[in-house]
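Here is a short tour of one protein model. Keep the sequence and the 3D view side by side as you read.

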Amino acid sequence: MMWQDFVFMVGSGLSIVFLAPTLRDATARVPLGTSLPSMAIGLVYAATFFTLGMTFSAAGSFAAGSMWALIALIRSPVTPTIVRNSDPALIARDVRVWLSRLGSNELPADQYVRVDSQQNH
């Protein structure tokens, strides 16, 4: 690994650490004019680093671009309130549940039934 690859990866990792509070704060409002260009830059950097053989830098830039994508999705002023006020961990849990149920015969409404109430029946 080139030392430059490590430096870029650490820099991207730090940007993720600094962006995490924005993603967790339900009252945060980040304009799309900020988050979308930042997301695009991160993803373009990721592709560029990957073509240069700097895989760690590419992974870090992709992660930073993905963080900006989540901020654009969840913390934009134009985002519906139901998404904006939700905890990202809950959104991630719902996505995992939805993906695990793809192709199954279960009803989508079943995911909203409490687990402890299912055990009592």
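Where is the place of D5? D5 sits in helix 1. Helices here are DSSP runs (H or I, at least four residues), numbered from the N terminus. This is a predicted model, in which local features need pLDDT of at least 70 and side-chain atom pairs count only at pLDDT 80 or more, while totals for chains, interfaces and linings use all residues. Residues are numbered from 1 along each chain as its sequence is written, and side-chain values use heavy atoms, with hydrogens and water left out.

**Confidence**

pLDDT is the predictor's confidence in each residue, from 0 to 100. The protein chain has a mean pLDDT of 81. In that chain, 72% of the residues reach 70 or more. Among its elements, helix 2 has the highest mean, 94. Helix 4 (residues 81-84) has the lowest, 53. Where pLDDT is low, the predicted coordinates should not be read in detail.

Is D5 buried or exposed? Its relative accessibility is 4%, so D5 counts as buried. Buried means under 20% relative accessible area, exposed means over 50%, and partly exposed lies in between (1.4 Å probe, protein chains only). D5 touches M54, T55, F56 and S57, leaving aside residues up to four places away in sequence. A contact means heavy atoms within 4.5 Å.

**The aromatic cluster**

The structure holds 2 aromatic pairs. Rings of Phe, Tyr and Trp (its six-membered ring) pair if their centres lie within 6.5 Å; planes under 30 degrees apart count as stacked, over 60 as edge-to-face and the rest as tilted.

| Pair | Centre distance | Plane angle | Type |
|---|---|---|---|
| F8 and F49 | 5.0 Å | 35° | tilted |
| Y45 and F49 | 6.3 Å | 65° | edge-to-face |

F8 lies in helix 1 and F49 in helix 2 (residues 32-51), so their pair ties together parts that are 41 residues apart in sequence. Y45 and F49 are 4 residues apart in helix 2, about one helical turn. F8, Y45 and F49 form one aromatic cluster. How well covered is each ring residue? F49, at 12% relative accessibility, counts as buried. F8, at 42%, is partly exposed. Y45, at 48%, is partly exposed too.

Helix 2 has 20 residues, which at 1.5 Å a residue should span 28 Å. The expected span is 1.5 Å times one less than the number of residues. The end C-alpha atoms are 28 Å apart, which agrees.

Which residues of helix 2 are buried? They are S35, G42, A46 and F49. These cover an arc of only 75° around the axis, so they lie on the same side of helix 2. The arc is that of the directions from the helix axis to the C-beta atoms. The buried residues of helix 2 pack against helix 1 and helix 3. The face turned away from the buried side carries the exposed residues G33, V44 and T51. Just after helix 2, G53 takes a positive phi of about 80°.

**The nonpolar core**

The largest nonpolar core has 7 residues: L19, L23, V30, M67, W68, I71 and I74. Such a core is a set of buried Ala, Val, Leu, Ile, Met, Phe, Trp, Tyr and Cys residues joined through side-chain atoms within 4.5 Å. Helix 1 (3-24) and helix 3 (55-74) are the elements that give two or more residues to this core. Helix 3 gives the most, with 4 residues. L19 touches M67, W68 and I71, not counting residues up to four places away in sequence.
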